[in-house]
Amino acid sequence: MLLVAQVLAFGACLVTQSKAAPSAPSVSIFLKPPGVISPGGSTTICCSCQCANGHFVLYKNGHRLRALELPGSRAEFTLSNASWGDAGVYSCQYLAGGSLLALSEGLDVVVQELLLPAPALSVLPGPEVGAGAAVALRCSAALPGARCLLYREGQRRALDVLSQHQEAFSISHAREGDGGRYSCQCFTQAAAIFNWSAASQPLELVVRDYTWSNIVHLALGAGVLALLGLILAEATHSSWRERHQPCP
């Protein structure tokens, strides 16, 4: 029952985004790469905070695991050769002078055998789009009836759960903040048994603001035209002076 609860929390509830209190700094926590990991696999727990003069401490299920004593606004804790015992809820705290300055939400780490083939992730109209464009991210599972989680690196939870009824994750008006490294991972469910796939190959989405780019190009073009006009005017004036210069 504990395993089922963990998977349900990691899957169905992953889509809900948490809201941090605006009055105090908070720690961002995520997996790199994201997703369910297999026994023997590895992943990195990343923690970051707009804080200074302190250090991070990693907790698992409310118990202190380790600290990164070097000061900084970012810390990485590696889980290598993962075992079933590494599954759990992880969190980060930021301490300075023995005082707690900020803490993160809980991060579910799930360790399961990856028995299904990896899906293929694609993006339309392409991996590079202009700001305001409509984008569709499609995760194609190898098995019918599978559901898939869509991840973006740097996010604590999955962006969406895709199925045969919703095959793509749509962004109606892409912004530069929508760019990033995406991947997906699929699972099937029979009663209380979940079978997971390996994660897809990551896909980098780039969103460019061509408005400013066009303004810069137009300004450069206008500058070049103005320079050419000055050169032509000077050449014309020099030619006129030569033709009208009095003969000695």
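# Notebook: cores, rings and salt bridges

I began with burial: 36% of the 248 residues in the protein chain are buried (under 20% relative accessible area with a 1.4 Å probe, protein chains only; over 50% is exposed, and partly exposed is in between). A note on the source: this is a predicted model, where local features need pLDDT of at least 70 and side-chain atom pairs count only at pLDDT 80 or more, while totals for chains, interfaces and linings use all residues. Residues are numbered from 1 along each chain as its sequence is written, and side-chain values use heavy atoms, with hydrogens and water left out.

**Entry 1: overall make-up**

I went through the secondary structure and got two helices and 18 strands for the protein chain. These are DSSP runs numbered from the N terminus (helices are H or I, at least four residues; strands are E, at least two).

Next I looked up contacts (heavy atoms within 4.5 Å). Of those in the protein chain with a separation of 6 or more, 64% are between residues 24 or more positions apart.

**Entry 2: the nonpolar cores**

Which residues touch the most other members in the largest nonpolar core? I found V27, I45, C47, F56, F77 and C92, in a core of 22 residues. For the term itself, I took a nonpolar core as a set of buried Ala, Val, Leu, Ile, Met, Phe, Trp, Tyr and Cys residues joined through side-chain atoms within 4.5 Å. The strands β1 (28–32), β2 (43–48), β3, β5 (74–79), β6 and β8 (107–109) each put at least two residues into this core.

Leaving out residues up to four places away in sequence, C47 touches V27, S28, I29, F56, S73, R74, A75, F77 and C92.

There is also a second, separate core, with 20 residues, and V129, L137, A146 and V207 are among them. A general reminder to myself: in soluble globular proteins, nonpolar side chains tend to be buried together.

**Entry 3: aromatic pairs**

I counted ring pairs next, using Phe, Tyr and Trp (its six-membered ring) with centres within 6.5 Å; planes under 30 degrees apart are stacked, over 60 edge-to-face, and the rest tilted. The count is three aromatic pairs.

One of them is F56 with Y94, edge-to-face, at 4.8 Å centre to centre and 75° between the planes. Buried or exposed? F56 is buried because its relative accessibility is 1%, and Y94 is buried at 0%.

I then turned to F187 and W196. Their ring centres are 4.8 Å apart and their planes are at 40°, so this pair is tilted. F187 is buried at 5% relative accessibility, and W196 is buried at 1%.

**Entry 4: salt bridges**

How many salt bridges does a search of the whole structure find? I got five, taking a salt bridge as a side-chain nitrogen of Lys or Arg within 4 Å of a carboxyl oxygen of Asp or Glu.

K32 pairs with E76, with the closest N and O atoms 3.1 Å apart. This links distant parts of the chain, since K32 sits in strand β1 and E76 in strand β5, 44 residues apart. K32 is partly exposed at 27% relative accessibility, and E76 is partly exposed at 39%.

E153 pairs with R181 at 3.9 Å between the closest N and O atoms. E153 lies in the loop between β13 (147–152) and β14 (160–162) and R181 in strand β16 (residues 180–190), so the bridge ties together parts 28 residues apart in sequence. I noted E153 as partly exposed at 31% and R181 as partly exposed at 39%.

R181 also meets E204 in a salt bridge, at 3.7 Å from N to O. E204 is in strand β18 (residues 203–208), 23 residues from R181, and is partly exposed at 42% relative accessible area. Through shared partners, salt bridges also join K32, R74 and E76 into one network.

**Entry 5: the surface**
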